[in-house]
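Here is a short tour of a protein model, written for someone who likes to know the cut-offs behind each term. Please keep the viewer open while you read.

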Amino acid sequence: MTVNRLSVMVNRAENTKKDQQIQKRVLLKNVVGVILALSFYSMFCFLYFGTGWDTISRTNHLSFGLVNNDVGINVTTPNGPVHINIGRSLSLNFASLKGIGTADPNNPLFDFHVYDLKITLQEARNKVEEGELWTALVFPSNFTQVLLSSISPLRNASSSAKYSNPVPYFYDQGRQSNAISLINAIAVPAFATVNRRLSLSILNGTFGPVSTSTADLLALSSPFVTQDVNLHAISRSGLGLASYVSVMLIWLGSLFCVSILTTNAITVEHLYKPGALVVVRTLVLLAFSFLVSMSSTLILLTLGATFSVSAGAYLAFGWLLSFTFMMIINTLIAALGPVGLTLVTFFLVLQFTTSEAIFPHELSNNFFKIGYAFPFKYGISGMRWIFFGSINQIGRDIGVIVAWMVVFLLLGSLATYKGIKKRFEKREKQLQKERNGEKNESLEMEEKEKEAYGPSSDPLSNLGFSNQGIAADELADLAINSVLGKSQKNEETREDNPV
């Protein structure tokens with residue numbers, strides 16, 4: 001009894017020790033899980049807050065073209081001939097401005113590029129069109145001449161001609177509407193400041209004598225007037241949002257499709273060979289990606305969206321994006337399981353915040369330039385071209401996206417194949433284990449029956465025969481012969497010993 005109690009106490013101590021170890025492992029897993037969750041959350045906060053943090057202090061990274069095509073005029077003064085070029089003076093004056101509007105007072109307003117009689121009006125427009133410049137202010141070749149003739153004392157006061165000397169101001173709203181809004185929030189007050197300074201200079205006689213009785217009053221009050229040229233306007237506010245949100249929604253639609261296919265495929269994958277199932281799965285994802293893009297296209301058309309290129313271009317490009325996203329998502333989930341699903345969410349946030357969807361890289365921390373490596377950046381660039389015709393780099397965009405698609409198609413196929421094969425082998429082992437378990441149960445039942453009924457339950461064993469290794473028919477014949485043999489012996493005994 002003492003030995004049994006001691007054994008029970010030892011078992012309890014061992015079980016308690018095991019329970020404590022299990023509790024420690026569970027606690028450690030929970031602590032690590034909380035740390036990882038908080039780390040991911042902190043990264044999300046950094047990405048979302050950081051992409052638009054203190055953008056106003058970085059406007060000096062935005063390229064602003066000051067194009068002076070003004071040839072000026074020669075004016076004769078008592079001190080000799082003087083060459084006056086107001087366009088050049090305004091360009092230099094504008095480039096020196098600081099702290100206008102909401103701009104940082106310690107930095108220049110923008111990254112100014114001054115072109116003095118170097119490029120034409122069309123070339124300046126092309127630089128904005130192609131994305132080399134964010135904006136361009138172009139002083140026409142006769143700017144000085146028109147302005148001075150409107151304020152000259154020799155001007156006919158009764159002239160009905162009104163002062164008109166516009167300065168073209170090029171920008172592309174479709175490229176990045178938030179950046180253009182920020183630029184104009186600084187540029188417009190700067191234009192007003194330059195206009196006021198020029199007006200005071202004219203009244204002070206800086207450019208020669210002025211007669212208020214003959215001068216055009218409009219030329220005196222507003223000598224510098226810009227003419228806005230929006231190369232690719234956003235006709236509706238929702239379109240500006242759709243150009244980058246549509247890429248994020250395509251990612252989410254792709255995630256839903258991959259998740260559904262992953263859940264349902266596991267229940268039937270044992271019916272196919274792993275290689276064939278990988279091919280079928282890829283073709284199904286290709287069909288799903290088309291449906292995702294088609295759904296997005298139909299919804300936009302229902303809402304009244306317009307496309308600079310065509311709805312068909314949106315459908316085709318969305319199809320390519322969706323299939324590429326499905327390959328990325330499928331690879332992460334197939335290779336890493338639940339951890340891969342977490343990385344899918346993190347990768348979505350990382351791509352979206354570094355893709356210039358909300359603000360361009362010039363206005364963000366240098367960290368966000370890693371977006372150049374991800375497909376989101378090129379997906380949004382392609383969508384902005386399709387929606388607004390802004391910066392046609394669709395060849396580059398498609399090339400980068402296709403490269404991502406090919407790489408993850410190969411990696412995803414390999415990961416899926418290995419995962420299916422591993423589950424197939426595990427299922428086979430489980431089935432074999434179940435078969436072996438059934439055999440063991442059958443043998444145990446036979447042993448229990450023998451123990452329950454004892455050796456007398458076997459009539460053959462009572463006759464002195466063993467049934468091991470003997471066929472059923474032979475065993476029956478031996479039993480009959482044995483019985484008959486005993487009967488004959490009994491008859492002989494009776495005959496030898498009559499009663």
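The sections below go from the model as a whole to individual side chains.

## Ground rules and confidence

This is a predicted model, in which local features need pLDDT of at least 70 and side-chain atom pairs count only at pLDDT 80 or more, while totals for chains, interfaces and linings use all residues. Residues are numbered from 1 along each chain as its sequence is written, and side-chain values use heavy atoms, with hydrogens and water left out.

The quantity pLDDT is the predictor's confidence in each residue, from 0 to 100. Its mean over the protein is 81, and 78% of the residues reach 70 or more. Strand β5 (residues 135-139) has the highest confidence, at 95, whereas helix α13 (residues 459-462) has the lowest, at a mean of 47. Across residues 456-472 the pLDDT is below 50, and this stretch has 15 contacts in the model beyond near neighbours in sequence; a contact means heavy atoms within 4.5 Å. Where pLDDT is low, the predicted coordinates should not be read in detail.

## Overall layout

The protein has 14 helices and seven strands. These are DSSP runs numbered from the N terminus, with helices being H or I over at least four residues and strands being E over at least two. Of the 499 residues, 40% are buried. Here buried means under 20% relative accessible area, exposed means over 50%, and partly exposed lies in between (1.4 Å probe, protein chains only).

Among contacts with a separation of 6 or more, 76% are between residues 24 or more positions apart. Thr324 and Phe408 are 84 residues apart in sequence, yet 7.8 Å apart in space, C-alpha to C-alpha. Leaving aside neighbours within four places in sequence, Thr324 touches Ile401, Trp404 and Met405. Thr324 counts as buried because its relative accessible area is 0%.

## Aromatic rings

How many aromatic pairs does a search of the whole structure find? The total is 29 aromatic pairs. Rings of Phe, Tyr and Trp (its six-membered ring) pair if their centres lie within 6.5 Å; planes under 30 degrees apart count as stacked, over 60 as edge-to-face and the rest as tilted. One aromatic cluster is formed by Phe64, Phe94, Phe110, Phe112, Phe139, Phe143, Tyr169, Tyr171, Phe191 and Phe224.

A charged side chain also meets a ring: Arg175 lies over the face of Trp134, at 3.6 Å from the ring centre. The rule here asks for NZ of Lys or CZ of Arg within 6 Å of the ring centre and within 35 degrees of the ring normal.

## Salt bridges

Side chains of opposite charge can pair when their charged atoms come close. The count comes to four salt bridges, each being a side-chain nitrogen of Lys or Arg within 4 Å of a carboxyl oxygen of Asp or Glu.

Among them, Glu356 and Lys377 meet at 2.4 Å, N to O. This pair links distant parts of the chain, 21 residues apart, with Glu356 in the loop between α10 (338-354) and α11 (375-388) and Lys377 in helix α11. Glu356 is buried at 11% relative accessible area, and Lys377 is buried at 8%. Another bridge joins Lys127 and Glu132 (3.0 Å, N to O); Lys127 is buried at 16%, while Glu132 is partly exposed at 44%. Asp397 and Arg396 also form a bridge, at 2.8 Å, N to O. Asp397 is buried at 0%, whereas Arg396 is partly exposed at 34%.

## Loop residues to look at

Gln176 sits in the loop between β6 (166-171) and α5 (177-203), and is buried, with a relative accessible area of 2%. A polar atom of the Gln176 side chain lies 3.0 Å from the backbone nitrogen of Ala179. Leaving aside neighbours within four places in sequence, the contacts of Gln176 include Trp134, Glu356 and Arg384.

Glu356 has a phi near 65°, a positive value in a residue other than glycine. Ile391 has a positive phi too, near 50°, and is likewise a residue other than glycine. Ile391 is in the loop between α11 and α12 (394-453) and counts as buried, at 11% relative accessibility.

Terms used
A polar contact is a pair of N or O atoms within 3.5 Å; within protein, one must be able to donate a hydrogen and the other to accept it, and residues adjacent in sequence count only if both atoms are side-chain atoms.
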